[in-house]
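Please work through each task before reading its solution.

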Amino acid sequence: MAGRLEGKIALVTGIGAGIGQGIALRFAREGATVIGCDISEQWAEATVAQAREEGLALSSLHPIDLTKPADVQRYVDHAGAVHGRIDILVNAAAIAPHMTPVAQMDYEREWMPTMVGEVDLVFLAVKAAWPWMTKVGGGSIVNFASVNAFRGSTNTGMVAHCAGKAAVMAMSRQIAVEGGPHGIRCNTIAPGMVQTAATAAAGTSTGEIAERIKARLLIKRLGVPEDIANAALFLASDESTWITGTNLSVDGGVTAV
Ligand SMILES: NC(=O)c1ccc[n+]([C@@H]2O[C@H](COP(=O)([O-])OP(=O)(O)OC[C@H]3O[C@@H](n4cnc5c(N)ncnc54)[C@H](O)[C@@H]3O)[C@@H](O)[C@H]2O)c1
């Protein structure tokens, strides 16, 4: 049976861990040729090795630092030149944001890197992929917002993260507007708390904070990367060709209450 992304050339950033890894593997299982990237050589290699064991078409360029314009251009142009087209771009990579309250947040050390690592890297990848996508009559871009684009947090300071994720959502809406005439769709996914190595290390998907988050959810479990990969698959595939400029919240229902 043909996969839901059969024949598609898909770029997925941040394939070394968490949501990006889950999406890259899922897309490849659905027939896409996936070209990933990550700043971590070791993590990207591990994902590629896992794909190889399954016989999946998943390659990666690494290390790529997506906050550096020249790296982004090299990654996107490499994928475009090798495959002649780009049909899908999923911007899953983001730096771990500085979770500092507004009163203590340092502008240069914390605010700026969070904005660059959550917002600028999305803009840079979209800009680099644009000519490749327009060349083949369009494609699908999936960017990552967060529940924190809609709500604050009493658990931890996150003024820059909230601003960054709301910026990604607003920027994606405008990308959809400008992409329409070229057949380029652009949507965001806003995940709630997803269990990944990073959220576990930050202590946000384990222990007392996790229990507090779970208590607010309508579906009483935290998310897993597969939950997000299911949504990304739909938005990347031809099943959603009349959907653009919108956000899909995948959050256990937390933003409904
Ligand atoms: N996990 C959650 O609970 C959650 C919730 C809401 C939104 N999100 C968003 O979903 C997306 C994926 O999150 P995740 O939890 O899987 O993240 P993660 O930290 O688990 O993985 C991010 C990956 O991106 C890579 N990366 C980081 N900076 C990079 C850079 N400058 N250049 C290239 N690669 C880089 C990392 O090495 C890592 O492999 C992010 O945009 C995140 O903000 C996550």
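**Exercise 1: The ligand shell**

Classify the residues of the shell around the ligand.

Solution. The shell comprises 17 nonpolar, ten polar and two charged residues. Here Ala, Val, Leu, Ile, Met, Phe, Trp, Tyr, Cys and Pro count as nonpolar, Asp, Glu, Lys and Arg as charged, and the others, including Gly, as polar. The model is predicted: local features need pLDDT of at least 70 and side-chain atom pairs pLDDT 80 or more, while totals for chains, interfaces and linings use all residues. Residues are numbered from 1 along each chain as its sequence is written. Among the 29 residues around the ligand, Gly14, Gly16, Gly18, Ile19 and Ala94 come nearest; a residue is near if its C-beta atom, placed from the backbone, lies within 6 Å of the molecule.

**Exercise 2: The faces of α2**

Which residues of α2 are buried, and how are they arranged?

Solution. Step one: Trp43, Ala44, Thr47, Val48 and Ala51 are buried (20 or more other C-beta atoms within 10 Å of the residue's own; exposed means 12 or fewer, with C-beta atoms placed from the backbone). Step two: viewed down the axis of α2, these buried residues fall within an arc of 135 degrees, so they line one face of the helix; the arc is that of the directions from the helix axis to the C-beta atoms. Step three: the face turned away from the buried side carries the exposed residues Gln42, Ala49, Arg52 and Glu53.

**Exercise 3: A peptide bond**

Is the peptide bond from His62 to Pro63 cis or trans?

Solution. The bond is cis, with omega near 0 degrees.

Conventions
Helix = DSSP H or I, 4+ residues; strand = E, 2+ residues; numbered from the N terminus.
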